[in-house]
Amino acid sequence: MGNYRHLMVYFCCCSMIFGILDVIVQPNILTYKSAFFMVVDMKRRNFAPWFGKFAVYALCGSFGIAIYGIAIHFVYRFFALER
């Protein structure tokens, strides 16, 4: 149960970081056909341009890490059930 606990703590921490960044950035997601754009209103949020760009990059990266954690979780559970 030790490895599974560490996996769940890792996933929980990554998801909390994603949630905190989402509250800070508050992006507007625009979609068109198969593409999507993440836009941040810099005037409303009072961000410097460099910080806004960094915040969007961090938000996208933390989303990717959260999805990666979910995938690892399912693979771990698959192998745990196969044992």
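I started with F78: in this predicted model F78 is partly exposed, its relative accessible area being 46%. The cut-off for exposed is over 50%, so F78 at 46% stays in the middle class.

Next I checked F79. At 53% relative accessibility, F79 does count as exposed.

**Aromatic pairs**

How many aromatic pairs turn up in a search of the whole structure? I get five. I wrote down two of them. W50 and F51 have ring centres 5.9 Å apart and planes at 80°, so I logged that pair as edge-to-face. F78 and F79 also form an edge-to-face pair, with 5.4 Å from centre to centre and 65° between the planes. Edge-to-face needs planes over 60 degrees apart, so the 65° of F78 and F79 qualifies.

W50 is exposed, with 63% relative accessible area. F51 comes out at 29% and is partly exposed.

Which residues do ring pairs link into a cluster? My note reads F47, W50 and F51.

**Helix α3**

I then went through α3, which runs over residues 49-82 and has 34 residues. From first C-alpha to last, α3 reaches 50 Å, close to the 50 Å expected at 1.5 Å a residue.

Which residues of α3 are buried? I listed G52, A55, V56, L59, S62, A66, G69 and H73. What covers them includes α1 (2-25), β2 (35-39) and α2 (42-45).

I took a closer look at H73, which sits in α3. Buried or exposed? H73 is buried, at a relative accessible area of 18%. The limit for buried is under 20%, so H73 passes with its 18%. Setting aside neighbours within four places in sequence, I find H73 in contact with Y4, L7 and M8.

F63 is another residue I looked up in α3. F63 is partly exposed, at 45% relative accessibility. I also took the C-alpha separation of F63 and F79: 25 Å, with the two residues 16 apart along the chain.

**Positive phi away from glycine**

Where is Q26? I found it in the loop between α1 and β1 (28-32). Q26 is not a glycine, yet has a positive phi of about 45°. Its relative accessible area is 36%, so I put Q26 down as partly exposed.

N46 lies in the loop between α2 and α3. Its phi is positive, about 55°, and N46 is not a glycine either. N46 is exposed, with a relative accessible area of 68%.

**The UniProt record against the model**

The unreviewed UniProt entry places "transmembrane region" at residues 7-30 and 50-76.

What does the chain do over residues 7-30? I get 79% helix and 12% strand, with the end C-alpha atoms 33 Å apart. Over residues 50-76 I get 100% helix and 0% strand, and there the end C-alpha atoms are 39 Å apart.

Technical notes:
Residues are numbered from 1 along each chain as its sequence is written. This is a predicted model: local features need pLDDT of at least 70, side-chain atom pairs count only at pLDDT 80 or more; totals for chains, interfaces and linings use all residues. Side-chain values use heavy atoms; hydrogens and water are left out. Helices (H or I, at least four residues) and strands (E, at least two) are DSSP runs, numbered from the N terminus. The expected span of a helix is 1.5 Å times one less than its number of residues. Buried means under 20% relative accessible area, exposed over 50%, partly exposed in between (1.4 Å probe, protein chains only). Contact means heavy atoms within 4.5 Å. UniProt positions are given in the numbering used here, feature names are shortened, and annotations may be inferred rather than shown by experiment. Rings of Phe, Tyr and Trp (its six-membered ring) pair if their centres lie within 6.5 Å; planes under 30 degrees apart count as stacked, over 60 as edge-to-face and the rest as tilted.
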